[in-house]
Amino acid sequence: MRMLALTSVLILVPIPAMADDRSECTNGIVMIEAEIARKPPAATLRKLETALRVARREEQEGEFDECLDAVNDARKALAR
């Protein structure tokens, strides 16, 4: 019984993190789209378009941590 309780806790722990990642992914995609709409320089635009394509794909696959990697790539491109 104790093992079952421990297993239940371990299964439930990642759920809030996954929900947060999903939300951050969605917000990141919206941010990238808004930055593209602002017509950045060509080099930045290419990086943003690539990041957006990857983020959308990873969102559809449910790989929210990888989506966030793409969002972070977009943020780095904007910081330059």
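Start with the buried residues of H3: in this predicted model they are Thr44, Leu48, Ala51, Leu52, Ala55 and Glu58. Look down the axis of H3 and these buried residues fall within an arc of 140 degrees, so they line one face of the helix.

As for the helix itself, H3 runs over residues 42-61, 20 residues in total. From its first C-alpha to its last it reaches 29 Å, close to the 28 Å expected at 1.5 Å a residue.

Now hop over to helix H4, residues 64-79, and pick out Ala77. Buried or exposed, what is Ala77? Its relative accessibility is 6%, and buried means under 20%, so Ala77 counts as buried. Leaving out residues up to four places away in sequence, Ala77 touches Thr44 and Lys47. Thr44, remember, is one of the buried residues of H3. Ala77 and Leu45 are 32 residues apart along the chain, yet their C-alpha atoms are separated by 8.8 Å.

That brings us to the largest nonpolar core, which has 15 residues. Cys25, Ile29, Ile32 and Cys67 are those with the most contacts inside it. Helix H2 (14-37), H3 and H4 each supply at least two residues of this core, and the largest share, 6 residues, comes from H4.

Setting aside neighbours within four places in sequence, Cys25 is in contact with Ala55, Glu59, Phe64, Cys67, Leu68 and Val71.

Note on methods
Residues are numbered from 1 along each chain as its sequence is written. This is a predicted model: local features need pLDDT of at least 70, side-chain atom pairs count only at pLDDT 80 or more; totals for chains, interfaces and linings use all residues. Side-chain values use heavy atoms; hydrogens and water are left out. Helices (H or I, at least four residues) and strands (E, at least two) are DSSP runs, numbered from the N terminus. The expected span of a helix is 1.5 Å times one less than its number of residues. Buried means under 20% relative accessible area, exposed over 50%, partly exposed in between (1.4 Å probe, protein chains only). The arc is that of the directions from the helix axis to the C-beta atoms. Contact means heavy atoms within 4.5 Å. A nonpolar core is a set of buried Ala, Val, Leu, Ile, Met, Phe, Trp, Tyr and Cys residues joined through side-chain atoms within 4.5 Å.
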